[in-house]
Amino acid sequence: MLLHATSLLMYVCAPGWRVSCRDTVSVCLSCVSSLSLLLLLLCSLDWPSTMPAGLSYETRSCLSGSRKVCVCVCVCVCVCVCVCVCVCVCESERQNLLKTVRKCVVSRRHGCSKSLMSCFVCPLGVVAVLVSDDCSIYFLLLKVLPALAMGNAVIVVPGKTTALPALLLAQLFMEAGIPAGVLNVVTGSEALLGAKVAQNPQVNYQTYSGRQQTGEALAKAVAGWGVPMSFCLSLSSVCPFIIFDSADLDSAVDGVIELAFKKKRDFQWVLCVQDSVLDIVVARLKLRMNGMKCVPLATETDRKLIDAAVLDAQQQGATLIQSCPPGTGALYPPTVLCGLAPSCESVISPPPGPVLPLISFRSSAEGVALGNHSPHGQAASIWTEDLTLALESAKSLCVGSVWVNCHSVMDPALPLCGRRESGNCTDGGREGLYQFLRPSHSPSLPHSSPSSINYANFGSTASKFMIPEGFDPSSVPRFYSQFVGGQLCKADSGCSRSVLAPGGSVLAHCPDGGRKDVRNAVEAAMKVQPGWMKKSPAARSQSLYSLADSLDKRRRDLTVSIQTQTGISLEEAEKEVQLSISRLSDWAARCDKEQGGTPVLPQSGSALSSPEALGVLGVILPNSKPLLSLVSLLGAAIAMGNAIVMVPSEKYPLPALEFIQVLQASDIPGGLVNIITGGRDQLNQALANHSVIQSIWYWGSKEGCQFLQYSCVSPLKRLWLHCEEEEEREAGQNWTSSNPSLQEELWRKAVVWKSIWIPTA
Amino acid sequence: NHSHLSGTDPFYLEWVLKVRVNTQAVLKRAQQIQGGKVAKKQWQAAWLLKAVTCIDLTTLAGDDTPSNVHRLCMKATQPIRHDLLKSMDMHDKGITTAAVCVYPSRVADAVKSLKAANSSLPVASVATGFPAGQTPLKTRLEEVQMAVEDGATEIDIVINRTLALTGQWRALYDEIRQFREACGDAHMKTILAVGELGTFTNVYKASLVSMMAGSDFIKTSTGKESVNATYPVAIVMVRAIRDYCLRTGYKVGFKPAGGIRTAQESLVWLTLMKEELGDEWLSPHLFRLGASSLLADIERQIYHYVTGRYPAYHELPMA
């Protein structure tokens, strides 16, 4: 069968096209131009008519909900399921997606710039969607359909389980009349087939869904090719299933039974039960699990892993609840490991198969702390009848989806956005569409081939020591301090570097910061950020206004520093400062404007989607417009509730250092904004190697981009990379533009989305 | 049988009364020790692992329940994530903390958890009206007995500060002797509550009296006073230990507790012990660190040593 195809098999929508990788891409490229046609086509497609007769709506949503998609031996079943899934995804997605797409198309036609979507008029071009072998079709379609709808040509590299459905999907599209080459499916057994596709210079964006190890290998293989890559690592995520004492315990136990012992699970679960109801829950679990059948395992090796994990847990004092004694071979009975603690190996990384670790907690606050104390952040299921507790817990859990009194429910209308090591992109919902669009003003990462970099000692060479020539004692250059934790300080190493004027003379000295300075700054930022995030938007807005005010009072100092540093005329410098002041005021005004919504769902109940702060951001600032770019990025980050560690450009650090005075005189809390000067590569390396930093915005060298792409998968960070050398040649980011699209893009980069589901009868 | 001194009465009042401590000299020595260089790289990692094996992992809170005591015990038996230990080739060296330390009512829970996990880790219990010691002698003695009955093999008693501050050293000695008897075979650590003793001289005297009365360890503080384990006060106490060892040949252990939170501080404590008392006091049978949040920071530093990255707190398992 197709599944077992060991050689590279290529399926292009136009029948009979079997060409090499390179050709596929050129086919795609030729198609991008005709994509507006596709948009209209999608709008006019009549999806329900392709649905097999006799399937009620409930069946469809059930299928989509639990993603009961398996590649059956029987192609017939496969066709059926596949049709259902893609139809219902499209069904509900079409409502959302096409509304926005229509708006986009319409606004383009009328030249209307008022709609926010209109500033994102560019599709990315060619998008590669890669998934790992055991990834479900739902996660694949969650990327493919929005990518198509936004006008991109898509190359799908499906894994083993999704190869067949993906091919059938392509056939469906073909029957629906999609232009040839817009959707391509490349199957094969090669481990890094995806990387080969992405290494093509004409691919513009790639996105991966699946397991962490494969993702890591892929990221390393494509680092330096100039293709931005995003990850959704839901498959290796461990999610908490929290039962509070105010829960309907019977239903909660039902939920556990339903999700934990399935043959195929999308996430790993850890059961957390409040102390006061622990005995009741355990008793119900025993009762319910009694007589459950053994579950087939994926492979024989899984059995070994389970046996080892269970033995280890037992040695640590765990008691087992098992439906029947385990036999031999690739079958295992549903098992709950009671009496474990978070430090036990089987809680840190639960074994595959129907094994569920159980830990207990005292208070509801501790339950949330327990759920949050994990490197993953995909989803959580919380069970309580107490509305206040449910909403409070949902708010404080650091995960992408919170299911209140339900589990594993997904709908394309709501964003699915992994936190921490679970992912760095937003799929689904209106928010998820943005990953497949490019603001027309924003330059994309230039294509290139990777340079040879020694990743292990990147940025470890100390900056060169310089003794100034022709030292003139009458004009001693000023020494600036950096800004860490609200304090002016020297570099931890005690070293400094000289700042040169455009003419080459020494203007000033600034600290030569390094790893330890970044560490101190992040410690400070980490402490102050939660309080800042919890402040009301109005209070944040006041702080930002005070910053703008403070900048206004020191406009002369900053004008002079910009002028002496960059050598531009006084008027131009003045203009930059003026723009910076109004940019900060803009951000102050925006603090309370960006909010989520309550999407309409096919099921009854409520759903919320809301933007949340990322945490601590690292920014390596661009050379161009040193002050304006700084305040634009700083404003976006802190307006949305983040803390920030900034590295001024190596070439023009003075305006940023002068800006420290402005920060000190404002009522921005100390530690929220940190400014560290020093070697760019050295600080880049330090930021990349600090797990607390959730996102890095980088302007700099091609090698720097490559290093970040290579090293920021484990632990995962959100990257926004800009290759400055290229941008200087072409028109770079236009910081002076008053187009709202710049701010729109910036604030979207500074937030993550959380969706909360509260089903009701 | 637990008295270290020969003769019928092991209490030497004269010795106690003769004690003099010069404050500024002690402060200077403390600064010297803090200012010294600490080990780096693999040597630092080794010292940190040593510090882990000396920790009395502690929870002394009003909201302690069996479930968080259980978590604490599990963390004590596997203090550092297994994969980190493995990459240092230390996973099979049996690295655990020295003990877990709980309130008397939680001893039974801790003993049960550790027994289920087949661990021989000792359970320490605070007793004698911890932290203030302001309860009748009878109940304080009963508290010790009950903790021992529940399975505590180490008892951290607090001294009666009233007696120490009013100079009733003999009475203090007698009280501690009674605790010693009540402890039976269990190790006894005597908490001096240095923050409430006023002067270094008083600290020295209280240290001597506690050791004469048969303490196996002397411990700085309960962690509930405003001033806890500081380096100068520790120098005074370890000098008393040295004095006692020279005079009697008996080695008494030292346990700083309260406010020790960072890996860096734990390294300074180890340095202090090495400098003042020698290598013999660098093992859990003569040195303990009473701490609750210290372990998390040490684990982070070890993570940094192994991977080259600074981890976030959520990446390492919660205690």
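## Lysines marked in the record of chain B

B:Lys219 belongs to strand 6 of chain B, a strand that covers residues 217–219.

## Confidence in the prediction

For the complex as a whole, the predictor reports an ipTM of 0.79 and a pTM of 0.81. Chain B has an average pLDDT of 91, and 97% of its residues score at least 70.

The average pLDDT of chain A is 79, and 80% of its residues score at least 70. Residues 1–118 of chain A have a pLDDT below 50, although this stretch makes 182 contacts in the model beyond near neighbours in sequence.

A pair of packed helices is described by the angle between the axes and by the distance between them. In chain B, helix 9 (residues 169–183) and helix 10 have axes that come within 9 Å and cross at roughly 40°. Helix 9 of chain B is therefore oblique to helix 10 of chain B, and the crossing of this pair is right-handed. On the side of helix 9 of chain B, the residues that meet helix 10 are B:Trp169, B:Leu172, B:Tyr173, B:Ile176 and B:Arg177. Their partners in helix 10 of chain B are B:Asn202, B:Lys205, B:Ala206, B:Val209, B:Ser210 and B:Met212. Sorted by class, this contact of helix 9 with helix 10 of chain B comprises seven nonpolar, two polar and two charged residues.

Helix 10 of chain B (residues 200–212) also packs against helix 11 of chain B (residues 231–248), at an angle of about 40° and with the axes 9 Å apart. That angle makes helix 10 of chain B oblique to helix 11 of chain B. Here too a right-handed crossing is found, as helix 10 of chain B passes helix 11 of chain B. Helix 10 of chain B contributes residues including B:Phe200, B:Tyr204, B:Leu208 and B:Met211 to the contact, while those from helix 11 of chain B include B:Pro232, B:Val236, B:Arg239 and B:Asp243. The contact of helix 10 with helix 11 of chain B has 13 nonpolar, one polar and two charged residues.

## The annotated domain and a helix pair in chain A

An unreviewed UniProt entry assigns the feature "domain: Aldehyde dehydrogenase" to residues 117–438 and 503–722 of chain A.

Helix 17 (residues 537–553) and helix 21 (residues 654–665) of chain A have axes that come within 8 Å and cross at roughly 130°. The angle means that helix 17 of chain A is oblique to helix 21 of chain A. The crossing of helix 17 with helix 21 of chain A is right-handed. A:Leu547, A:Ser550 and A:Leu551 of helix 17 form the contact with A:Phe659, A:Val662, A:Leu663 and A:Ala665 of helix 21. Six residues of this contact between helix 17 and helix 21 of chain A are nonpolar, one is polar and none is charged.

Most residues other than glycine have a negative phi, and most peptide bonds are trans. What is the geometry of the peptide bond from B:Phe130 to B:Pro131? The bond is cis, with omega near 0°. B:Pro131 is located in the loop between strand 3 (123–127) and helix 7 (137–150) of chain B.

In chain A, A:Ser408 has a positive phi of about 50°, although the residue is not a glycine. A:Ser408 is part of the loop that runs between strand 17 (401–404) and strand 18 (416–417) of chain A.

Technical notes. Residues numbered from 1 in each chain as written. Chains lettered and ligands numbered in written order. Predicted model: local features only at pLDDT ≥ 70, side-chain atom pairs only at ≥ 80, totals over all residues. Heavy atoms only, no water. pLDDT = per-residue confidence, 0-100. Axes fitted to C-alpha atoms, helices over the stretch in contact; angles between N-to-C directions. Helix = DSSP H or I, 4+ residues; strand = E, 2+ residues; numbered from the N terminus. Parallel < 35°, antiparallel > 145°, perpendicular 65-115°, else oblique. Left-handed = near helix turned anticlockwise from the far one by under 90°. Contact = heavy atoms within 4.5 Å. Nonpolar A, V, L, I, M, F, W, Y, C, P; charged D, E, K, R; others polar. UniProt positions renumbered as here; feature names shortened; annotations may be inferred.
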